[in-house]
Amino acid sequence: MSVSRISILFLLGTLTSGCSTFASEERDQPESSANVLEIDRLTVAAGDEDLKESIESDPDSKSADKSSRTALDDAIEPSLKKTAEDAREKLDTPKQDRPTEETAVSDLWQRLRSGFALDHDASDPRVQAQLNWYKKHPRYIDRVVERGSRYLHYIVTETEKRGLPTELALLPVVESAFDPFAYSHGRAAGLWQFIPSTGKYFGLTQSWWHDDRRDVIAATDAALTYLDRLATRFDGDYMLALAAYNSGGGTVSSAMRRNRNRNAATDYWSLDLPRETRHYVPKLIALAKIFDQPEKYGIELPSLADEPYFEVVKTGSQLDLAQAAELAGVDIDEIYLLNPSFNRWATSPDGPHRLLVPRESAKTFTAALETIDPNDRVSWRNYKVKSGDTISTIAKQYSTTSSVIQQVNNLDSHIIRIGQRLMIPSAAKQADTYSLSASERLATKQQRSGKNSNGTRVDYTVRSGDTFWDIAREHRVSVRQVASWNGMAPGDPLIPGKKLVIWSKSKQPAMLASNNRGKGMVRKVGYQVRKGDSLSTIASRFAVNVRDIASWNDLNTSRYLQPGQSLVLYVDIRNSP
């Protein structure tokens with residue numbers, strides 16, 4: 001068997017076994033303390049490529065700046081509001097006074113530089129390539145500083161507390177471009193891009209209500225703990241620790257072992273590592289060089305005061321985020337950006353019972369909280385159970401969970417009766433008020449994703465047995481596109497009943513979508529062409545249309561079928577031979 005045939009078979013096996021190379025890598029199993037530093041899995045982060053691509057589109061045009069804001073902040077721009085552009089301005093320019101040269105007591109950049117400890121003198125061409133790009137696109141630095149200004153002071157402070165090189169405070173630029181809602185096709189989430197299993201090991205829990213991988217405090221603590229342990233694992237070499245953060249300690253150790261066997265150097269720059277990891281550390285070093293000497297590279301850093309942006313306020317119990325914004329006197333988008341772990345309209349009923357709020361609003365918020373009865377911190381609906389109701393359907397209707405309904409109504413089971421009254425916690429405002437909640441971000445992303453897709457929108461309901469690969473193939477798009485359009489990763493599970501938006505390239509997407517929902521009677525069938533077969537005879541045999549067969553298999557109807565040729569058919573089993 002030829003090498004090329006082996007490669008093809010391997011690729012097909014990979015796709016059909018999980019629709020993604022990441023599916024087999026990410027098992028969501030808890031790591032033990034012994035192997036968490038030895039894993040050999042590449043964590044594909046959201047990174048800064050989307051932001052770079054947007055900046056590159058037209059860096060000198062004001063109109064390009066507006067379009068880039070739309071393209072690169074799909075996850076965080078509240079486009080559902082009439083004042084979308086004003087809201088975007090507020091998101092990109094946090095409410096923090098810009099100190100002038102006369103009034104600034106200290107500058108966060110100087111503090112950041114004072115803790116630099118990595119070697120910035122690397123002459124590797126990978127670093128120079130990154131530097132050249134940043135010099136050519138200074139607007140990129142402006143954008144990541146605007147995003148990161150909410151979080152940088154806290155991250156620098158935590159880095160210093162641990163005695164770590166403060167270059168690590170710039171790592172979220174490489175990981176997520178400081179987008180707190182970033183989610184990669186490798187299933188990594190948040191500023192620090194934790195995959196589920198590693199996040200779970202470091203105590204970053206996930207639920208319907210929240211995802212701690214996006215929590216600014218919890219994820220920063222986990223990331224710096226992880227980096228510190230990796231540095232210890234590699235005898236204090238932070239370059240190797242950074243490489244291991246991206247590709248796993250096992251991957252780095254294996255590369256070092258191969259070099260030792262060849263009597264070659266085992267420093268980061270000498271190792272044969274995955275492509276992404278080879279460019280990962282150079283990005284951070286290039287950024288550190290720029291933040292260390294911005295004038296040398298023709299870049300002017302926006303002023304950033306050396307003072308906290310937010311304070312932590314204990315809420316004591318669940319709180320509607322729209323109400324929190326009103327009590328603090330800030331925009332609700334600001335609440336979400338500082339507390340991106342919350343997926344819904346309120347904080348999690350199980351905690352953490354705290355919110356980050358802008359520092360200047362903390363006293364106002366704390367005082368207002370003290371005047372509110374705990375029972376009034378979320379809105380309540382007095383619901384009368386109707387025929388056909390279940391706890392799960394009621395929970396879905398009011399954007400909550402079955403467990404919450406059971407808990408607040410002291411129910412010991414899922415059994416409810418017609419006419420029974422239930423207290424249901426519900427959002428105080430309309431859905432689009434919570435424009436940065438998970439559902440609203442997804443709706444925005446699904447709608448926006450079609451602008452450049454050149455496809456026809458299909459609203460698809462996942463059925464039992466569906467895979468990304470099958471859905472993508474049917475609609476002539478890629479697995480990664482289907483996942484990206486729906487805020488997912490190719491390795492994420494497809495739950496029956498889940499709604500997907502697909503920008504189909506199929507010639508008859510409406511017909512295909514309809515067939516896929518044919519009350520469970522339409523099936524995908526593989527057919528091998530026999531001697532004497534034609535499209536018309538096959539269509540007649542299976543009660544389908546010739547044009548449909550051609551569309552499903554990308555065939556030219558003017559050409560003859562070849563015996564042994566494989567076709568895919570979607571047939572109604574009630575009419576099949």
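User: How do α13 and α14 lie relative to each other in this model?

Analyst: Two packed helices are described by the angle between their axes and the distance between the axes. Here helix α13 (residues 238-247) and helix α14 (residues 249-261) pack at about 125°, with axes 7 Å apart, and α13 and α14 are therefore oblique to each other. Oblique is what remains once angles under 35 degrees (roughly parallel), over 145 (roughly antiparallel) and 65 to 115 (roughly perpendicular) are set aside. Axes are lines fitted to C-alpha atoms, for helices over the stretch in contact, and angles run from 0 to 180 degrees between N-to-C directions. The model is predicted, so local features need pLDDT of at least 70 and side-chain atom pairs pLDDT 80 or more, while totals for chains, interfaces and linings use all residues. Residues are numbered from 1 along each chain as its sequence is written, and side-chain values use heavy atoms, without hydrogens or water.

User: Which residues of α13 and α14 make the contact?

Analyst: From α13 come L240, A243, A244 and S247, and from α14 come G249, T251, V252 and M256, where contact means heavy atoms within 4.5 Å. By class, the residues of this contact are five nonpolar, three polar and no charged; Ala, Val, Leu, Ile, Met, Phe, Trp, Tyr, Cys and Pro count as nonpolar, Asp, Glu, Lys and Arg as charged, and the others, Gly among them, as polar. The helices themselves are DSSP runs (H or I, at least four residues), as strands are (E, at least two), numbered from the N terminus.

User: At what angle do the axes of α13 and α15 cross?

Analyst: The axes of α13 and α15 cross at roughly 130° and come within 9 Å, and α13 and α15 are therefore oblique to each other. On the α13 side, M239, L242, A243, Y245, N246 and S247 take part, meeting E276, T277, Y280, V281, L284 and I285 of α15. The contact of α13 with α15 holds eight nonpolar, three polar and one charged residues. In the loop between α14 and α15 (275-292) sits N263, which has a positive phi of about 60° although it is not a glycine.

User: Which residues of α9 and α12 meet?

Analyst: Y154, I155, E158 and T159 of α9 meet V216, I217, T220 and L224 of α12. The axes of helix α9 (residues 152-161) and helix α12 (residues 216-233) come within 11 Å, crossing at roughly 35°.

User: How many cavities does a search of the whole structure find?

Analyst: Rolling a probe the size of a water molecule over the atoms shows where empty space is left. For this structure the search finds seven cavities of 30 Å³ or more. On a 1 Å grid over the protein atoms alone, a cavity is a set of points where a 1.4 Å probe fits but cannot get out, a pocket is an open set with protein on both sides within 12 Å along at least five of seven lines, and lining residues have an atom within 4 Å of a point. Points are joined across faces, edges and corners, and a volume is the space filled by probe spheres set on them. The largest cavity has a volume of about 100 Å³, and of its 14 lining residues the closest to its centre are T43, Q193, T198, Y226 and Y245. Helix α13 gives the most to this lining, with four residues.

User: Which helix gives the most to the lining of the second largest pocket?

Analyst: Helix α20 (residues 402-408) does, with three residues. That pocket holds about 240 Å³ of space, and its lining includes H353, W380, V404 and P425.
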